[in-house]
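Please look over the chain shown here before reading on. The briefing is arranged by topic.

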Amino acid sequence: MVIIMKTNEWKQTVELLHQAFNDGYSLDILKLLMTADERDALITRVKIVHSLLDGSINQRQLKEQLKIGIATVTRGSNSLKEATPEFKKWLEKILLNLR
């Protein structure tokens, strides 16, 4: 029961974010829902995923570069391993062309 409720709540939250982004309130909704530290953590996670997809540095170098713990890098790596091939391909297309 708890898992179903959390799944439904997650879907509702994603739908709220989706609607806010579609309506032009992306920055507003993220500032409302996330603290500065949480936004920084999200930025760090994106940097981790980007660097892992890029493959130019190893996890230890990434830890040093971002000044984060190895466990943080490992969590990003593990999440990336769970991504479907289609989603991973999309991520590569988007993230590797950002810079």
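What follows covers confidence, an annotated region, a helix pair and one serine.

This is a predicted model, in which local features need pLDDT of at least 70 and side-chain atom pairs count only at pLDDT 80 or more, whereas totals for chains, interfaces and linings use all residues. Residues are numbered from 1 along each chain as its sequence is written, and side-chain values use heavy atoms, with hydrogens and water left out.

**Confidence**
- The chain averages a pLDDT of 93 (the predictor's confidence in each residue, from 0 to 100), and 95% of the residues score at least 70.
- Helices here are DSSP runs of H or I with at least four residues, numbered from the N terminus; confidence is lowest in helix H1 (residues 2–22), with a mean of 89, and highest in helix H2 (residues 26–33), at 98.

**Annotated region**
- An unreviewed UniProt entry places a "DNA-binding region" at residues 59–82, given in the numbering used here, and such annotations may be inferred rather than shown by experiment.
- Residues 59–82 are 88% helix and 0% strand (a strand being an E run of at least two residues), with the end C-alpha atoms 17 Å apart.

**Helices H3 and H4**
- Thr 44, Lys 47, Ile 48, Ser 51 and Leu 52 in H3 meet Gln 59, Leu 62 and Leu 66 in H4, where contact means heavy atoms within 4.5 Å.

**Ser 77**
- Ser 77 lies in helix H5 (residues 70–82) and is buried, with a relative accessible area of 9% (buried means under 20%, exposed over 50%, partly exposed in between, with a 1.4 Å probe and protein chains only).
- Not counting residues up to four places away in sequence, Ser 77 touches Leu 52 and Gln 59.
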